[in-house]
Amino acid sequence: MAIGTVTAGAEPLTGQPAWKALEEHHRQIRGVHLRELFARDAGRGERLTAEACGIYLDYSKNRITGDTLRLLGDLAQACELRGRIDAMFRGDRINVSENRSVLHVALRAPRGASILADGKNVVPGVHAVLDRMTEFAYRVRDGAWIGHTGKRIDNVVNIGIGGSDLGPVMAYEALRYYSDRSLTFRFVSNIDGADFVEAVRDLDPEATLFVVSSKTFTTLETLTNARSARAWLLAGMGGDERAVAKHFVAVSTNAGEVTKFGIDTANMFGFWDWVGGRYSMESAIGLSTMLAIGPDHFRAMLGGFHEMDEHFRTAPFAQNLPVLLGLLGIWNINFFGAHTVAVLPYEQYLKRFPAYLQQLTMESNGKHVTLAGDQVSCDTAPVYWGEPGTNGQHSFYQLIHQGTRFIPCDFIAFGESLTPLGEHHRILLANVFAQGEALAFGKTSDEVRSEGSPDWLVPHRTFEGNRPSNTMLLPRLTPGALGTLVALYEHIVFTQGVIWNVGSFDQWGVELGKVLAQRIIPELDGGTRAPLNHDSSTNALIRRSRQGTPGFPESKGKG
């Protein structure tokens, strides 16, 4: 079958010989413990590793053998992974349901590169926007851009949702060490008014710049928050509408709506329909990131992205980090039955990284039909979750170690701390290495008894082990390192999407609830008596909300 072809009724994944071979192999080794695998091979911990783009990957603590890796490679070949990678970089319209190219890799391609969409090189346009962002960022950071009353900008508020929020806020937190501390950054995404109110409570309107990110400039949540920001600004400026142009910039492609809002289109930064929201943090969506860390650090981050892109595009699968991790994920999800994956960065600056990955992974591959529209024949995306460092150890690690759930873990650690303080970093590294060891090997009942535990306590202190993990060790959290990590997971998502044959670059699942919400909004008005045509539960909830907050009779009739 040709790359990109979608044929209804094609043989399901689970019927393919490569899949059947993996099923048989799983039956043969599923009872083998990691203790046994390491005992058989003294060099396993050094052999089952790979290194690229500044990332040292130890995947030896997965329940695999050399045969497992060979069979997973056969599956990748049967699913034409190499051809699908080439098709993406070539600019083919691999986003089948929306008939679009998928070219986030062009956002970080170096000046002078050529990446085509519909026969046109898109890289010059990317760099034209980057150059405009750079010029604007320098003006704000240097104080040349001033507000309506002549004050310099001290506060930047990013307004967006989904990828227009999760990427910028994750990158800001991850790279805060490199940020300009004379600027205050806030991020508003939730339609809950508390998000906006708390973000601006202590800010001076005369010194505040809003970055409104919405491709169509019609996104309900973003535009509702933007209108509230506009009203807040004007209230602090005596109602002078001219102030809007000096305190708002737009990341959008809808010049008409941007102009109607009062933003000068000279301060509108565009992007393209071949970039999905969750893949857009290095486009103009990252304007707040560039304002925070500066253009040089932003371009260093893009360099990290591009380095991983080239590794993914060219490296043999046996040494290809995204391919290895993607296939190991398939092994754990589809053969060992993992329903969740824990991502555990031992780096406080990466505290929002697991939340960022939730959208990247679950919005991309949380699909129940193939590219051809057929029902998938196996589980697709697991639930991603996690917390930074030792915080999780005193929370959910109990379940990972001794619970009944099978939860593969990705540990991320850095050899050097950005903020060295006494013994902190040495203790942090000791903990991350210890957790991988404990998950893999556990503690037997005999070992517990040998420590003097009474028999009745032995079952409680026994650790089964045999729980898989990957450990990624990087030298230091730099902008480039963040770029390589994000691109790594982007390409893991791509690899798994190819194996499952799902559309990783659309997100129709977010639409239905939004459409229904638009119907319900006018129905919540307590004064309306329009008939309700929902199910009995939804109808009852709407009627109840019209009466006031349940449980608080004094609120009836308010709101």
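At what angle do helix H4 and helix H14 pack, and how far apart are their axes? Point 1 takes this up. The model discussed here is predicted.

1. **H4 against H14.** Helix H4 covers residues 66–78, and helix H14 covers residues 321–335. They pack at an angle of about 100°, with their axes 10 Å apart. That makes H4 roughly perpendicular to H14, because angles of 65 to 115 degrees count that way. From H4, the contact uses Thr 68, Leu 69, Leu 72, Gly 73, Leu 75 and Ala 76. From H14, it uses Leu 324, Leu 327, Leu 328, Ile 330 and Trp 331.

2. **Confidence.** The protein chain averages a pLDDT of 94. A score of at least 70 is reached by 96% of the residues. Two stretches need care. Residues 1–9 have a pLDDT below 50, and beyond near neighbours in sequence this stretch has 14 contacts in the model. Residues 550–559 also fall below 50, and beyond near neighbours in sequence that stretch has 7 contacts.

3. **The sheet.** Look for an open sheet of 6 strands. Its order is E1-E2-E13-E12-E10-E11, and the pairing is mixed. Strand E1 (49–52) and strand E11 (383–385) stand at the edges. Each has a single partner strand, so one side of each is left without a neighbour in the sheet. From one strand to the next, the twist averages 15°.

4. **Pairing along the sheet.** Start with strand E2, residues 55–58. E2 runs antiparallel to E13, and 3 bridges join them. Tyr 56 stands opposite Leu 473 in E13. Next, E12 and E13 pair in the parallel sense over 6 bridges. There, Ile 412 has Met 472 in E13 as its bridge partner. Then comes strand E10 (residues 340–345), which pairs with strand E12 (residues 409–414). This pairing is parallel, over 4 bridges. Leu 344 has Phe 411 in E12 as its bridge partner.

5. **Helices on the sheet.** Helix H15 (residues 353–365) lies across E10, E11 and E12. H15 runs at about 165° to E11. Helix H18 (residues 424–441) packs on the sheet too, touching E12 and strand E13 (469–474). The direction of H18 makes about 155° with that of E12.

6. **E13: enclosed or open?** How many of the 6 residues of E13 are buried? The count is 5, so E13 is largely enclosed by the rest of the structure.

7. **Helix H13, a length check.** H13 has 20 residues, 295–314. At 1.5 Å a residue, the helix should span 28 Å. The buried residues of H13 are Pro 295, Phe 298, Met 301, Leu 302, Gly 304, Phe 305, Met 308, Asp 309, His 311 and Phe 312.

8. **H5 against H13.** These two helices pack at an angle of about 140°, with their axes 9 Å apart. That makes H5 oblique to H13. Arg 82, Ile 85, Met 88 and Phe 89 in H5 meet Asp 309, Phe 312, Arg 313 and Thr 314 in H13. Asp 309 and Phe 312 are also among the buried residues of H13.

9. **Glu 282.** Is this residue buried or exposed? Its relative accessibility is 1%, and under 20% counts as buried, so Glu 282 is buried. Glu 282 lies in the loop between strand E9 (268–269) and helix H12 (287–293). Leaving out residues up to four places away in sequence, Glu 282 touches His 104, Leu 107, Arg 108, Leu 130, Phe 298, Leu 302, Phe 305 and Glu 490. Phe 298, Leu 302 and Phe 305 are among the buried residues of H13.

10. **Two positive phi values.** Most residues other than glycine have a negative phi. Glu 80 has a positive phi of about 60° although it is not a glycine. Glu 80 sits in the loop between H4 and helix H5 (81–90). Its relative accessible area is 29%, so Glu 80 is partly exposed. Asn 466 also has a positive phi, near 65°. Asn 466 lies in the loop between helix H20 (458–461) and E13. With a relative accessible area of 9%, Asn 466 is buried.

Conventions: Residues numbered from 1 in each chain as written. Predicted model: local features only at pLDDT ≥ 70, side-chain atom pairs only at ≥ 80, totals over all residues. Heavy atoms only, no water. Pairing = 2+ DSSP bridges. Axes fitted to C-alpha atoms, helices over the stretch in contact; angles between N-to-C directions. Contact = heavy atoms within 4.5 Å. Expected span 1.5 Å × (residues − 1). Buried < 20%, exposed > 50% of the residue type's maximum accessible area, 1.4 Å probe, protein only. pLDDT = per-residue confidence, 0-100. Parallel < 35°, antiparallel > 145°, perpendicular 65-115°, else oblique.
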